[in-house]
Structures are given as C-alpha cells and as structure tokens.
Amino acid sequence: MSTHRNPFRAPRLTWRWWPVFRRNLLVWRKLAIPSLIGNIAEPLIWLVAFGYGMGALVGQVAVGGTSVPYIVFLASGSICMSAMNAASFEALYSAFSRMHVQKTWDGIMNAPVSLDDIVLAEMLWAAYKAIFTVTAILLVMLALGIVHSPKVLVAWPVLLAAGVTFSCIALIFNALAKGYDFFTYYFTLFLTPMMFLSGVFFPRDQLPHAVRVVSDWLPLTSAVELVRPLFLDQWPADAARHLLVLAGYAVLSFWLALAFTRRRFAH
C-alpha cells in the first residue's frame, strides 16, 4: 500500500469481507464449545453472585419510579456488559493475533481482498461473537425465570448494535497496539470505569451531577438504557437518541480504526 495515500480516505468496502468472515467462523467452529463456556461462565457467575447474593440484601431497586428486583436490574445491565466484553476481547486479542502474530492478514491480502474488507470482516466477526454470547446468556436467563417479557426479543438487535459499536472501538486499539500488554490500558482506563458509570450495577441517579453528564454519552449507557426497559416489559424512553449515540460511536470508531490500520500497514 502506498505511503502517500491518505489513510483517512473514505472506506472502500466490497462483499469480499465475507470469505474472511467465513474463514474465522470455520476456524472457530473447532473450539466453539470451549469458547462458549468461557464467554458465558464469567457473566453468569456475576449474575448469580451479585443478583442472588447482593440482591438478597438490596431487595428492590427503583427504576423510573417502579421498583424491580435487583437481579432483574442487574441482568438487564450485565447482558449489555457481556456484549461489550465479548466484542472487545475478539477485536483485540484474537484480531491482533491474526494481524500481527500469525500474519494471517498479510496472507489474505495476497488474494484479491483489500485491507478495508479485512477490517470490516474482523468488526463483523467480533460483533457476531458478541451476539452469540449474549444469546446464550439470554437463554439461561429465560430458563431461570429472570425475564418474562416478550419485549426482550427487541433487545437482541440492540445488543447486536452494541457488539458492532464496541468492536469498532476495540479495533482502534488493535491498530495502535505493539503487543498484548497494550490492551491493559483499554480495559483498565476505558471499559472498567464505563461498567461502573453506565448503570450496570446500580442506578445512575446515585452519581454526582458532573459524572452523570459524562455517563449520559457513554455507549454502554445507551445500550443499557435501551435494553433495561425491555426486560421490564416497557419501551425505552428517548430511544432515538440512544441509537444515534451507538451509531455515532460505531461510524466514527470504524473510520478511525480503518485509518490507523491503513497507516500501520503502510510502513
């Protein structure tokens, strides 16, 4: 790739992302069961430990003037957190292995597949892993009787959108990373604070006003604000704004991730 071309130029995307996506799927199928167990075990442990354990101490939580069991409150937030984590892990560690360690991307580009299509395929693959994970978790929640509302079906595309958004954000750090240790900054300085500021574990009403203003514009907050009412058999308020926040993060982050990846491969 020529170093003189502007890395921030508009994406040139084709359907050639599909063979790259399919390649990742075929490789992953060999490890699908261990991967599924690994992806859903931690969120379910959080849900059981905090939902039933702390839930016995907390009891009911006020959400929009309505009192709901803490385990339902936690379940609706933790499933959004699971989409975020699953997408981030795949777009960071697995994508970095294919890009830098195994040099899989270099091999793919010997075929008539562009770097733009590879980045798109990696983003969609990470989003797929996220929705696969949250679907399994949602089925467990249904089996445990934590959620009953048929509106929870609408949460599925919202969680897919969240997976896409966090895949795009993670690919920015993937493009900038020199090694796996770099991802510690992303998890420690970005994802972990966002988990505690986005209403996953406790209502955001408890936050100081200045922190609440910042929290209002976090992508995980928008995902939680869209999903939680559906768990409570309600329609989300201000849904258009939250969807626009997720879309804005996704579009901007994908553009930056693609630009930084182009610049990395140009040197």
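Good morning. The structure is a predicted model, in which local features need pLDDT of at least 70 and side-chain atom pairs count only at pLDDT 80 or more, while totals for chains, interfaces and linings use all residues. Residues are numbered from 1 along each chain as its sequence is written, and side-chain values use heavy atoms, with hydrogens and water left out.

I begin with the helices, which are DSSP runs of H or I with at least four residues, numbered from the N terminus. How do H5 and H6 pack? Helix H5, residues 115-144, meets H6 at an angle of about 140°, and their axes are 8 Å apart. Here an axis is a line fitted to C-alpha atoms over the stretch in contact, and angles run from 0 to 180 degrees between N-to-C directions. H5 and H6 are therefore oblique to each other; angles under 35 degrees count as roughly parallel, over 145 as roughly antiparallel, 65 to 115 as roughly perpendicular, and the rest as oblique.

Next, the loops. Ile146 sits between H5 and H6. Is Ile146 buried or exposed? Ile146 is buried, because its relative accessible area is 7%; buried means under 20%, exposed over 50%, and partly exposed in between, with a 1.4 Å probe and protein chains only. Lys103, which is not a glycine, has a positive phi of about 60°. Lys103 is found in the loop between helix H3 (70-101) and helix H4 (104-108). Asp233, also not a glycine, has a positive phi of about 65°, and belongs to the loop between helix H9 (219-231) and H10. Lys103 counts as partly exposed at 45% relative accessibility, and Asp233 does so at 41%.

Finally, the surface. Phe8, Leu252 and Trp255 make a nonpolar patch of about 260 Å². Trp255 lies in H10, residues 239-266, and is partly exposed because its relative accessibility is 34%.

Notes: Patch = residues over 30% accessible without salt bridge, like charges linked within 9 Å, V, L, I, M, F, W, Y side chains within 5 Å. Areas by Shrake-Rupley, 256 points an atom, 1.4 Å probe, with all protein chains shown as cover. Salt bridge = Lys/Arg side-chain N within 4 Å of Asp/Glu carboxyl O. Helix = DSSP H or I, 4+ residues; strand = E, 2+ residues; numbered from the N terminus.
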